[in-house]
Amino acid sequence: MANLQITGILEKMTGKDKDYRYMATSDLLNELNKETFKADADLEIKLSNIVLQQLDDVAGDVSGLAVKCLAPLVKKVSEARVVEMTNKLCDKLLNGKDQHRDIASIALKTIVCEVTTQSLAQSILVSLPPQLIKGITSPGMSTEIKCECLDILCDVLHKFGNLMATDHELLLNALLSQLNSNQASVRKKTVSCIASLASSLSDDLLAKATIEVVRNLRSKGVKPEMTRTNIQMIGALSRAVGYRFGPHLGDTVPVLINYCTSASENDEELREYSLQALESFLLRCPMDISSYCDEILHLTLEYLSYDPNFTDNMEEDTDEESHEEEEDDESANEYTDDEDVSWKVRRAAAKCLAALIVSRPELLSKLYEEACPKLIDRFKEREENVKMDVFNTFIELLRQTGNVTKGQIDMNESSPRWLLKQEVPKVVKSINRQLREKSIKTKVGAFSVLKELVVVLPDCLAEHIGSLIPGIEKALNDKSSTSNLKIEALIFTRLVLASHSPSVFHPHIKALSSPVLSAVGERYYKVTAEALRVCGELVRIVRPNIQAFAVIAASPLRIDLSCVLAHVIAELTAFLRKANRALRQATLGTLNSLIVAYGDQIGSSAYEVIIVELSTLISDSDLHMTALALELCCTLMADRRSSPNVGLAVRNKVLSQALTLIKSSLLQGQALLALQNFFAALVYSANTSFDALLDCLLASAKPSPQSGGVAKQALYSIAQCVAVLCLAAGDQKCSSTVKMLTEILKDDSSANSVIVRQSVDKAEFQDSSVEKILKLLFNHCESEEEGVRNVVAECLGKIALIEPAKLVPALKVRTTSPAAFTRATVVIAVKYSIVERPEKIDEIIYPEISSFLLLIKDHDRHVRRAAVLALSTFAHNKPNLIKGLLPELLPLLYDQTVVKKELIRTVDLGPFKHIVDDGLELRKAAFECVDTLLDSCLDQVNPSSFIVPYLKSGLDDHYDVKMPCHLILSKLADKCPSAVLAVLDSLVDPLQKTINFKPKQDAVKQEVDRNEDMIRSALRAIGALNHIRLYVYWVKRCIISPVGTRRGTKPTFVVESPNQLDKDSYYVTAQGGLVGRDDDGFRSYPILDQFF
């Protein structure tokens, strides 16, 4: 039935009425796009013939639809039909009528684009390239035919270059001959074609192409246009092959520099192409070009101001805006010449300088001395597009400064930050001039420079705010201002407000607030949003400064505030009821300072009011506020000058809130520390006994009928507070509490066990107490419950910190216990005894570390995992203790990352079977340990021996193992790029498999979410690979194409822009696509296109 319908459509396509032909062709396109469409051999022939016939239709809309039909048709018919259509189209292109040439070319490109299988590609490549070469090299062919053939061949090489290895030399010779063509269009397309071919050429053929081009450049008497073409060819080769061009720089760079300096005055294009090629070398071959960097720097600075047709005699800037406006009016009559293309040279110089800045961070100080003044001077560039490039180059200099000096505090006279600070006045003066220009684009660029300057060098504009305010006002108030300009101005304003002292802006508040408030009413929501953010910063600056009283209270001058103190306290107490969170935080800090300094002048009634307000602030919904409120309570109770009733008021109003807070699973950090101090302070205050507080705390650990059991984190918090309470109450109370807790431990209640475990962290014991506790703990080492063993191990670790001389030998003895759980427990105990701060256990355990860590080769997996976890803790907290053991430990650790079949078992669940991998947690722990070692002991790790086979197998392992492996790969790409690049081709397959994996259609949401997390993790690892500056550069947006490289050459990574990769642009080029090995040699993996 379907075939009958198609037959009817085909009949209508041959009708005389063009409307009928158009509708019939449209119907055919719809049929071909259906997934269910299938054609027999006869119908295939009819379809291919009629579609080719329609390409020649006199009606352009009909022939256009016929081209669209080719795309689905290629996928629906046999390879033989596709090859036949390709040959017919080639014949039409080379021998057909002129009016049919363009449509034949478009049709051929469509077919090439739609070929997806290797077998079809190889069938087409048998006949297509020879015919295209014939069209390119035959002397009788017109320029138009040559250009069309070059265009198509470029697409073919771009996509299938790796499949044409046997023809590479023939193709290269044919294309090199066209570089000498008299037609500029032919030469231009030949350059693109050779660049597409170069990415898959062997090193020998690449050298041959480079030598030929350099020979042409060195030949005397060559026409200028030929020279320009050969220079373009050099740049295109560099962009196509990346680092592989490095060995040829010795031949090419001196030639290009010579052409730059010796070219005639009117040959700006030659200089432009030379500078573009040098830019490519800097970005793609940073190591090989090191010896030429000084020459290139001087060259770019010379041509940054290259303007032979214009002499700048402009006067120095003045601060009078009226004078500047007169200059603006005069600027309309400045010299202009449509034939003047010297701006291209200046633009190329600016981009080349930007490449130098990006690729040579070690030259930063020199760049500030030589390039920075020149760049600032060129802010006055008369060509707007070039001015934007100058701005961008200066921004790159600022960003590189931020990257290189990140984390540095001290600035000496050779520091890039110090050198930048010296240039700030010149930058501001020049930028102010640009802000008074009429061009919106110029103003946006100027604010971008200021924005980056504030980010890199905060507080650098304190002395220049007054001169910048008019520019901000004008950008926000001027009716001609665009939304982009207003947004840039507002972003800069917000950054400068946030990074400078409020006092800097006090004289300018009125001038700033008016235009910002006007911007809040803008119709465009992005302007409004940014204006509101600026308003937030303005509020911080103009708000009555509560903290001023805190500064006065902390002053050693002891300023008398008695006349206003009562009123200030009353106002501050009222502020605690306000909704503004920042206001309440500032109020709590100020009250704390005032009570410490002037507590004897504050009445008890005021204290009671403060305590009532504090009780409302103690909640797990805002732990930071809670911490500040508890600290103020401690200050009130600690002040001996305060009324004895303060302690009673705190107990009645605040204690109940504190006991509620302690049950929260969110309690941690500063809030938990403040709560501990609160209980310690409360035990000293009047009317509050130790026993009553201890009973309250222990009661909090018991489950209630209303809320059920207590969270583990809450038990941890309660235990910490019990320990602090005991220590605050004195030795006698501490000893009695330990005895009581020891008795509780015999009940083996999990909640009470946690309390005991955390309490011993801070306690000090008598010898008899230690022996009793140890006996109890060691009896539980062989418990079947992992949770119990972990609690026991943590208790042993905490006690080891207090009594290392007793515990370390006792733990060592048990490393040879016949019970595997005992061996595992003592190793975990050692893990808990290793903390970041120096402890007396360090020198005691150092000689015995190997006894514990060498259990990594134990026959029991639980013991091995415990040893891996302990090694990870040592590496994180005390790496110096284990560095001497790593040569012996690392091979054993790597062995734990391998999938062991003996640990995989099948569980029969009746209707189906479930595979359980008991070694999964061990492998995950091992990879996480390696990740830690890369941070602390990188000098002891040999990345090359780890990446293959261990990391490679981890990248192809279970979800839980892949995640740490992606992190490790990212870290290695940053710290050991050469080791990663050496084996990069072997890592592609597992990464591709991860990204291409799709869950089953009936997968639950959890599985889908987990798979998406895995894909994001893999993409982050690939993004880290793009940071390897020697061979990979950030991409802004590139086109994917499955071009590979020939067997025996390294994978090539090339991109078109060094700009930072944005989140929407994980596109890896073919010239820079990830490349891996298969049976036929190297091939590319366009692994990211399906996600974007």
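Two strands pair if DSSP finds at least two bridges between them. Strands (E, at least two residues) and helices (H or I, at least four) are DSSP runs, numbered from the N terminus. The model is predicted: local features need pLDDT of at least 70, side-chain atom pairs count only at pLDDT 80 or more, and totals for chains, interfaces and linings use all residues. Residues are numbered from 1 along each chain as its sequence is written, and side-chain values use heavy atoms, with hydrogens and water left out.

**Exercise 1.** Describe how S1 and S2 are joined.

*Solution.* S1 covers residues 904–908 and S2 covers residues 913–917. Their pairing is antiparallel, over five bridges. Ile904 lies opposite Asp917 in S2. Four residues separate the two strands, which form a hairpin. In the turn, Gly910 has a positive phi of about 85 degrees.

**Exercise 2.** Determine the relative orientation of H6 and H8, and classify the residues of their contact.

*Solution.* Axes are lines fitted to C-alpha atoms, for helices over the stretch in contact, and angles run from 0 to 180 degrees between N-to-C directions. H6 and H8 (residues 143–160) pack at about 5 degrees, with axes 10 Å apart. Angles under 35 degrees count as roughly parallel, over 145 as roughly antiparallel, 65 to 115 as roughly perpendicular and the rest as oblique; H6 is therefore roughly parallel to H8. Residues of H6 in the contact include Arg101, Asp102 and Ser105, and those of H8 include Glu144, Ile145 and Glu148. The contact has seven nonpolar residues, one polar and nine charged. Here Ala, Val, Leu, Ile, Met, Phe, Trp, Tyr, Cys and Pro count as nonpolar, Asp, Glu, Lys and Arg as charged, and the others, Gly among them, as polar.

**Exercise 3.** Identify the buried side of H29 and what covers it.

*Solution.* In H29 (residues 565–575), the buried residues are Leu565, Val568, Ile569, Leu572 and Thr573. They span an arc (of the directions from the helix axis to the C-beta atoms) of only 130 degrees, so they lie on the same side of H29. Exposed Ala566 and His567 are on the face turned away from the buried side. The cover of the buried residues includes helices H28 (547–554), H30 (581–598) and H31 (604–615).

Conventions. Buried < 20%, exposed > 50% of the residue type's maximum accessible area, 1.4 Å probe, protein only. Contact = heavy atoms within 4.5 Å.
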